[in-house]
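Subject: Model for your files

Hello,

Here is the model, with the sequence, for your records. My notes on it follow below.

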Amino acid sequence: MESPFLKRLQTMGIKIKTTASITDSMLDFAIGFGMSIEEIPDYFDIIDQALQSQETCLRCQGIEQCQSEANGMQYVLEMGPTGKVSPSYRMCRHKMVDMETKRISRLLSSSRLPDFFKDKTFENFKRHDNPEAFMAAQRTANDVGGLGLMLYGKPGTGKTHLAAAVVNARLASGNQAVFVTVPELLADIRDTIARKKDTSELLETVKDVELLVMDDMGAEKITDWAVEQLFSVVNARLLRKKQTVVTSNYEPAKLIARMAVKDYEGKIIDDLPGKRIVSRLTEMCQKAEMCGRDQRLGSAG
């Protein structure tokens, strides 16, 4: 197929014979970089290497499978102030995400995706009981910056598997994603306070990361302080339009009741705290109920 560049030359009345060595891809690349046709032979080797690096990076499935000679670095061309073109190395998006993930892991113990979930994918999810939740999770994984997802249902129905699959898919595509369990996130915040450290960096991280999975919401010990911390995170992510995935054993109405202020007999006095959180999650997320038998007990039996 004739390259767009060659077609453009023809409309300008310029004829050029493409040799076996100088490919259409090279012509497109060079002209897009601001080179003249006459300069291509002088830069043949570095153009060829840059194109090969580009193709390698396009096929890349993540930093652990990096095929580049310099791990996580892409061979590129740069033009200096004098107009001279020279080779350089640029950190790829997978490497940048990997570095940011490690920074967050140092800051947040709860952000480390357990090894058990690192191989959880859409391909190995048993979808027959929950096809709608499965499709909703796939949409969330593919729609960067779109609506989040709230998965709820009985324990063992695959909520965390799907949430982990979303994170793994995002990381594999070179996008930022963080997985935290809510009880452990709150423990991280408490620990930071106990060590008399500033919590602002920690909280800013979970408020601003592009995709945050909050696993097992409602499993935490319910206190006014815990609900306040959760509201702070959820509200900030709503205002900043950050994508959020939540899993819970409680359907929305029961999650509200779970977070409500109760008297000593367990009767609800005030359910506004839970309503403030769940109403925001409803605005931010698609909702999908997950049904079926407990897969953990099934595999154990």
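Two strands are counted as paired if DSSP finds at least two bridges between them. Helices (H or I, at least four residues) and strands (E, at least two) are DSSP runs, numbered from the N terminus. This is a predicted model, in which local features need pLDDT of at least 70 and side-chain atom pairs count only at pLDDT 80 or more, while totals for chains, interfaces and linings use all residues. Residues are numbered from 1 along each chain as its sequence is written, and side-chain values use heavy atoms, with hydrogens and water left out.

The sheet

Strand 4 and strand 5 (residues 211-215) pair in the parallel sense over 4 bridges. Within this pairing, Val178 has Leu212 of strand 5 as its bridge partner. Both strands belong to an open sheet of 5 strands, ordered 4-5-6-3-9, with parallel pairing. Strand 4 (178-181) and strand 9 (285-290) stand at the edges with a single partner strand each, so one side of each has no neighbour in the sheet. On average, neighbouring strands of the sheet are turned by 15° against each other, direction ignored. Helix 9 (residues 224-239) packs on the sheet and touches strand 5 and strand 6 (243-248); its direction makes about 150° with that of strand 5. Axes here are lines fitted to C-alpha atoms, for helices over the stretch in contact, and angles run from 0 to 180 degrees between N-to-C directions.

Two loop residues

Asp216 lies in the loop between strand 5 and helix 9. Its phi is positive, about 65°, although Asp216 is not a glycine. Asp216 is partly exposed, at a relative accessible area of 29% (buried is under 20%, exposed over 50%, partly exposed in between, with a 1.4 Å probe and protein chains only). Lys241, in the loop between helix 9 and strand 6, is also a residue other than glycine with a positive phi, near 60°. Lys241 counts as exposed, at 71% relative accessibility.

Thr160

Thr160 is in helix 6 (residues 159-172) and counts as buried, at 12% relative accessibility. Leaving aside neighbours within four places in sequence, Thr160 is in contact (heavy atoms within 4.5 Å) with Phe117, Phe179, Asp215 and Thr247. The side chains of Thr160 and Asp215 are joined by a polar contact of 2.8 Å. A polar contact is a pair of N or O atoms within 3.5 Å; within protein, one must be able to donate a hydrogen and the other to accept it, and residues adjacent in sequence count only if both atoms are side-chain atoms.

Regards
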